[in-house]
Each structure stands twice: as C-alpha cells, then as structure tokens.
Amino acid sequence: MRIVHVRGGVRLNGRKRRAERGRITSLPIPAYLNVPLKQHIGAPAEPVVRVGEHVLKGQLLGRPPGPMSAPVHAPTSGRVIAIGAAPAPHPSGLDTPTITVQSDGEEQWIELAPPIDPLALDAAAIEERIADAGVVGLGGAAFPAAVKLRLRTRHPIHTLIVNGAECEPYLTCDDRLMQERAEEIIDGVRIMLRALEQDRSGPSIRALIAIENNKGDALAALKKAASAHPGIATIAVPTRYPMGSEKHLIRAVTGKEVPARALAPEIGVLVHNVGTAFAIHRALRFGKPLISRIVTLSGGAVASPQNFEVLIGTPVSALLRAAGGLRQPPARLLMGGPMMGAMLPHAEVPIVKGTSGILALTSAEIAARPAAPCIRCGTCVAVCPCGLVPVEMVSQIRGGRLEGALRFGLLDCVGCGTCAYSCPSRIPLLQYLNFAKGELTARERTKHKAEEARRLAERRRLRLAQQAEARAATATARPRQQHRHPEGSEATGAPDRTTNPQVAA
Ligand code: SF4
Ligand code: SF4
C-alpha cells in the first residue's frame with residue numbers, strides 16, 4: 001500500500017530505548033486509589049456509592065448522566081473512604097470530583113457475566129457493552145469509544161484505522177502492548193468491524209493497523225495475528241512526528257484530507273487507538289470494565305524506566321516508587337509525552353484512563369533556554385503539519401487580537417507543538433496557542449451562560465405575561481358566568497357540566 005506524503009512534521013530523537021526493552025509489569029495494588037468522576041470528554045459521572053460502602057473490583061462507582069459521558073468503576077475491592085474534591089492530573093493542580101477507594105488487598109471481583117461470543121452480537125449490543133465498560137479512547141483524547149462507533153449511523157464508514165503510530169518521544173506503552181497482546185488487539189478490531197458492518201450494504205469495511213516503521217517487533221506481531229483475517233492489514237508509516245495525530249495519519253494512510261474542523265467519520269474514516277481495541281476485547285470477551293491501562297514511566301530522572309499495567313486511580317508517586325524511585329529530583333513532571341503532555345503540579349495526582357505516560361525529566365532533557373526575539377526564519381511555517389503560520393498567529397495573540405489569530409487558523413491547530421520545538425529562538429509558540437484557545441473557550445462559555453440567562457429571563461417574562469393574561473381573562477369571565485348561572489357551579493366550586501368537554505365526555 002502506498003503511503004501519501006504528509007506536509008511538515010519533524011524527525012525527533014525518540015528517547016524510547018530505556019523503557020521499551022522490558023515486558024509490561026503489573027504494579028502492586030496501592031493502599032488507596034483516587035478515581036476521578038471525569039476522565040473523559042463529556043459530562044462527569046455521578047456517584048452511585050456512599051462513603052463507608054464496601055465495593056468489589058469492577059463495581060460501578062459513577063454512572064454517566066447522559067450519552068456523552070462514561071461510567072467509572074472500582075479498580076480494586078475495598079472501602080469507599082471519600083467522595084469529594086481531590087487534585088486533578090492537570091497543570092492547574094485544581095481539585096476535581098473524585099471517589100477514593102481504600103484497598104482491602106483482596107482483589108475480589110464483582111460477579112462477571114458469563115463469557116459470550118461478541119461476534120454474534122448486533123451493533124447496538126456491542127456498543128452498549130463498550131459504553132457500560134467505560135471504554136474511552138486510550139490514545140489521550142478519552143472520547144467515549146461507543147459514541148465514536150455510533151457515528152456509523154450518521155456517516156457511512158469505509159475504513160477503520162487502528163492507530164499504533166505512538167510518535168511522541170519516550171512513550172512505548174502502545175509498542176509493548178502490540179508486541180505482547182497482538183491477538184487481543186486483533187480481536188478488539190474484529191469486534192469493532194462487526195459493529196461497523198451492521199446494516200451496511202456495499203463493500204466490507206477495511207481495517208488498517210498503522211504502526212511507525214521504527215517498531216519492527218510490533219509490526220511483525222500484529223502482522224502475524226492479523227494474517228488469519230483478510231479484512232485486517234498492517235501498514236508501516238514513516239517515523240515522523242506528529243504521525244499519530246488522527247488527521248495526519250488518515251492523510252498518510254488513505255490520501256484523504258479531513259477538512260478543517262470536520263470529523264474523520266465525515267470522510268468515511270474512523271480512528272481508534274490500539275489500546276482502545278485491547279480494552280474493547282477485554283470488555284466484550286470477559287465483561288471487564290476499563291479499570292487499568294498500560295503506562296510508560298520514563299525520563300532521565302527515573303531510576304528504572306519501564307511499562308506498567310496500572311490500576312486507574314493509582315497515585316503517580318506509587319508508580320515512581322515501583323520503578324525504584326528517582327535518581328534526582330525532576331526538573332519537570334509530565335503526564336503524556338514531552339510534545340503534547342501536561343505538566344503535573346506534584347506526584348500525588350492519579351493515573352487516569354487517558355494517561356499514556358509519566359515522564360520525570362531532568363533539566364538537561366528539557367534544555368530550557370530563555371526565548372530570544374523572532375528572526376523571521378519561517379521554520380515554524382515550514383514544519384507545521386496543518387499548513388498554518390504560527391509566527392503570525394502568535395504575533396496576533398501577543399497583541400491581544402484573538403480574532404486575528406482566528407483568521408490565521410487558530411482553530412485548525414492540532415496543538416502538536418512542532419512549531420515550538422523547531423523554533424531557533426525558543427519562543428514558546430505552543431503556550432501562546434494554547435493560551436489563546438483557552439481564552440476562546442472561556443469566552444464561549446461566558447457567551448453561552450449569558451445567552452442561557454437571557455433565554456431563562458425571556459421564558460420567565462413570557463410565563464408571567466401568560467399568567468397575568470389568564471388572570472385578567474378569569475376576572476372578565478367570572479361576572480359573565482355568574483350572570484349566566486347565578487345559582488350554578490362558579491358559586492359552589494362544582495364543575496360546569498355544560499361547558500367543560502372533558503367532564504361532559
Ligand atoms: S502546534 Fe499548531 S501551529 Fe504549531 S505546528 Fe502544530 S498545528 Fe502547527
Ligand atoms: S521559527 Fe521562531 S524565529 Fe523562526 S519565524 Fe517562527 S517564531 Fe520566528
């Protein structure tokens with residue numbers, strides 16, 4: 001299959017060696033687990049347990065309030081010791097609604113449904129089970145997986161791309177998963193295909209597992225596992241950041257361009273991460289909810305970088321301890337990769353469903369240098385994979401002209417950070433871009449709130465006017481009725497049988 005050239009991007013120093021060698025290890029169960037109620041795109045889950053209640057592993061802790069949300073489950077058995085605010089894995093360090101489970105060390109599961117053949121289920125049943133298991137996109141976006149699959153009902157899908165590109169430096173969790181659990185990933189892909197192909201006429205949907213060409217062992221493992229399934233193929237894509245970005249992967253693999261601000265299904269393509277395929281396999285074959293994931297722990301400050309299978313809610317500090325602690329205090333603690341990851345305020349935040357890695361980086365690795373003035377070299381423009389002009393967008397943002405940045409395509413920026421990484425003047429372009437996007441979101445929220453307040457005020461005004469009108473009508477009608485039936489129902493409170501059709505019937 002021919003790979004289409006994708007504009008821009010950079011070749012990065014992968015720094016993957018230290019963590020990629022060992023097999024995935026299970027992390028010991030921590031003393032307590034902080035399970036945030038919002039670990040996904042959409043509304044937070046609502047607690048269904050009480051403080052003091054004993055819960056079993058896999059038991060529902062929080063249920064989604066609507067379709068655009070996901071449930072959360074107990075990662076182990078134990079006692080619910082708190083339901084309230086706890087630090088979020090976010091640079092702000094602000095609190096988020098969280099359920100804390102104190103482990104009893106028993107790992108006692110809820111009664112799981114008997115194994116079924118998911119390939120005999122219809123699409124609705126598959127999607128329902130994926131939703132009930134709380135499966136979200138494990139590539140980082142944490143979009144509810146069932147909602148994404150259901151997009152098939154609105155857009156005819158012809159290609160399912162399974163994203164194994166893992167282009168961020170240091171991260172090797174997907175690479176190890178592909179090497180060690182290839183059969184299970186293929187099973188998850190087959191289940192997704194089964195759902196996507198329901199009620200579909202025309203040619204079958206093809207599934208392409210796209211893996212960067214520097215992951216030879218993962219490619220070989222998946223190729224072997226897929227060999228018995230004619231509709232599923234593996235494809236090697238160039239090792240070039242940001243190949244794992246959904247839009248760029250689609251362009252490389254299919255040659256199709258997702259229009260700015262459109263969704264991939266609108267051009268007939270659905271993209272799911274390899275970790276999501278694995279979680280779907282577990283949920284459908286064994287009825288197990290998403291309560292753990294593979295996390296890469298790496299960075300120069302980590303004594304023994306490796307990949308762990310970690311229970312959701314495990315504090316980052318427990319992960320650091322399990323890897324032999326730190327060789328030196330980190331200059332920066334990150335959740336995710338160094339290009340798009342989020343800085344962590346401290347190590348007491350929990351691992352969540354979207355956590356692909358924890359990096360403890362030294363000052364030498366982050367090579368922080370003060371920004372110098374822009375030299376108008378145009379490098380940021382040349383490397384931007386979205387064809388944008390970052391230098392102009394940032395100039396508009398610095399001048400307080402967000403509308404100007406919008407005109408330069410701010411909303412088409414995928415936040416990959418390639419421009420900032422390549423800038424010889426070390427201008428923190430990505431920080432400016434993210435700041436501007438945050439401002440726009442806040443403005444939208446304020447606008448939405450103001451519109452909502454206006455709408456409610458208008459509704460109230462109308463209601464009061466209707467009530468006043470009704471009162472006035474009653475006041476005018478009363479003397480007339482009393483005149484018509486001087487001894488009748490108005491005076492006694494009994495219904496007027498001559499004029500009320502419901503009573504008359
Ligand atoms: S962060 Fe945005 S502007 Fe910068 S290279 Fe990536 S897509 Fe382009
Ligand atoms: S790469 Fe940096 S120095 Fe060069 S034009 Fe862009 S912002 Fe200016």
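These are my notebook entries on what I looked up in this predicted model.

**Ground rules**

I am working with a predicted model, in which local features need pLDDT of at least 70, side-chain atom pairs count only at pLDDT 80 or more, and totals for chains, interfaces and linings use all residues. Residues are numbered from 1 along each chain as its sequence is written, chains are lettered from A and ligands numbered from 1 in the order in which they are written, and side-chain values use heavy atoms, with hydrogens and water left out.

**Entry 1**

I began with a helix pair, which is described by the angle between the axes and the distance between them. My helices (H or I, at least four residues) and strands (E, at least two) are DSSP runs numbered from the N terminus. Axes are lines fitted to C-alpha atoms, for helices over the stretch in contact, and angles run from 0 to 180 degrees between N-to-C directions.

How do helix 5 and helix 6 pack? Helix 5 (residues 182-196) meets helix 6 (residues 216-226) at an angle of about 55 degrees, and their axes are 9 Å apart. That makes helix 5 oblique to helix 6; angles under 35 degrees count as roughly parallel, over 145 as roughly antiparallel, 65 to 115 as roughly perpendicular and the rest as oblique. The contact (heavy atoms within 4.5 Å) uses Ala-182, Glu-183, Ile-185 and Ile-186 from helix 5, and Ala-221, Leu-222, Ala-225 and Ala-226 from helix 6. By class, I noted seven nonpolar, no polar and one charged residues in the contact of helix 5 with helix 6. For those classes, Ala, Val, Leu, Ile, Met, Phe, Trp, Tyr, Cys and Pro are nonpolar, Asp, Glu, Lys and Arg are charged, and the others, Gly among them, are polar.

**Entry 1: salt bridges**

Next came charge pairs. Side chains of opposite charge can pair when their charged atoms come close. I took a salt bridge to be a side-chain nitrogen of Lys or Arg within 4 Å of a carboxyl oxygen of Asp or Glu. The count by this rule is 18 salt bridges.

I looked up Arg-23 and Glu-180, whose side chains form a salt bridge at 3.7 Å, N to O. Arg-23 sits in the loop between helix 1 (17-20) and strand 1 (25-26), while Glu-180 belongs to helix 4 (residues 173-180), so I noted a link between distant parts of the chain, 157 residues apart. Buried or exposed? Arg-23 counts as exposed at 57% relative accessibility, whereas Glu-180 is buried at 18%. The cut-offs are under 20% relative accessible area for buried, over 50% for exposed and partly exposed in between (1.4 Å probe, protein chains only).

Arg-152 pairs with Glu-127, with the closest N and O atoms 2.8 Å apart. I found both Arg-152 and Glu-127 buried.

Arg-443 is in helix 15 (residues 429-484) and Glu-403 in helix 13 (residues 402-407), so the pair ties together parts 40 residues apart in sequence. Arg-443 is partly exposed at 40% relative accessibility, and Glu-403 is partly exposed at 44%. I also noted that salt bridges with shared partners join Arg-23, Arg-176 and Glu-180 into one network.

How many residues of helix 4 are buried? Seven of its eight residues are, so I call helix 4 mostly covered. The buried residues include Arg-176 and Glu-180, both seen in the network. In the loop between strand 9 and helix 4 I found Tyr-170, which has a positive phi of about 75 degrees although it is not a glycine. Tyr-170 is buried, at 6% relative accessible area.

**Entry 2: other backbone stops**

Arg-15, in the segment before helix 1, has a positive phi near 50 degrees and is not a glycine. Arg-15 counts as partly exposed at 40% relative accessibility.

The peptide bond from Tyr-241 to Pro-242 is cis, with omega near 0 degrees. I placed Pro-242 in the loop between strand 11 (232-237) and helix 7 (246-254).

Last, I visited Pro-370, in the loop between helix 10 (363-366) and helix 11 (379-383). Pro-370 is exposed at 72% relative accessibility. Setting aside neighbours within four places in sequence, Pro-370 is in contact with Ser-425 and Arg-426. Its C-alpha atom is 8.2 Å from that of Ile-427, 57 residues apart along the chain.
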